[in-house]
Amino acid sequence: MKWIDRYSGYWQLICTPGNGRMNMVAARNIIHCLARNGLYEYIFVFLTVHREEEFVKNMLSFISLDLLLEELKSKSMDEIVRMLDEHLR
């Protein structure tokens, strides 16, 4: 509650999808502010609320690809295919 009181403008942006003031710079600032305060769960709330923003979609796609590449380094292709199949259900 202290964080919300202190950063009420950020909180309003976090909770308002489609807000015209939301952009990549604001998103980056919000994520860094939440992380500095140990409020990591709210980063995921923020990303979920703003999942339709094009820059969030792109960022999540790039992260997914980066994570998949890391998995490819440590797992066999059979394991990767199993994971893909599991998540396509």
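## Accessibility and N58

Buried denotes a relative accessible area under 20%, exposed one over 50%, and partly exposed the range in between, computed with a 1.4 Å probe on protein chains only. By this scale N58 is partly exposed because its relative accessibility is 38%. N58 belongs to helix 5, where helices are DSSP runs of H or I with at least four residues, numbered from the N terminus.

## Model and confidence

This is a predicted model, in which local features need pLDDT of at least 70 and side-chain atom pairs count only at pLDDT 80 or more, while totals for chains, interfaces and linings use all residues. Residues are numbered from 1 along each chain as its sequence is written, and side-chain values use heavy atoms, leaving out hydrogens and water.

The pLDDT, the predictor's confidence in each residue on a scale from 0 to 100, averages 90 over the protein chain, and 100% of the residues score at least 70. Confidence is highest in helix 3, at a mean of 95, and lowest in helix 6 (residues 77–87), at 85.

## Nonpolar core

A nonpolar core is a set of buried Ala, Val, Leu, Ile, Met, Phe, Trp, Tyr and Cys residues joined through side-chain atoms within 4.5 Å. The largest one has 14 residues, of which I14, M22, I30, L34 and F46 touch the most other members. Two or more residues come from each of helix 2 (8–15), helix 3 (24–36), helix 4 (40–49) and helix 5 (54–74). Helix 3 gives the largest share, five residues.

Contact means heavy atoms within 4.5 Å. Apart from neighbours within four places in sequence, L34 is in contact with W3, I14, L39, Y42 and I43.

## Largest pocket

A pocket is defined on a 1 Å grid over the protein atoms alone, as an open set of points where a 1.4 Å probe fits, with protein on both sides within 12 Å along at least five of seven lines; lining residues have an atom within 4 Å of a point. The largest pocket holds about 200 Å³, the volume being the space filled by probe spheres set on points joined across faces, edges and corners.

Its lining consists of M24, A27, R28, I31, I43, F46, L47, F55, V56, N58 and M59.

## Loop residues

N19 sits in the loop between helix 2 and helix 3. N19 counts as buried because its relative accessible area is 13%. Beyond neighbours within four places in sequence, N19 contacts L13 and E53.

S76 occupies the loop between helix 5 and helix 6.
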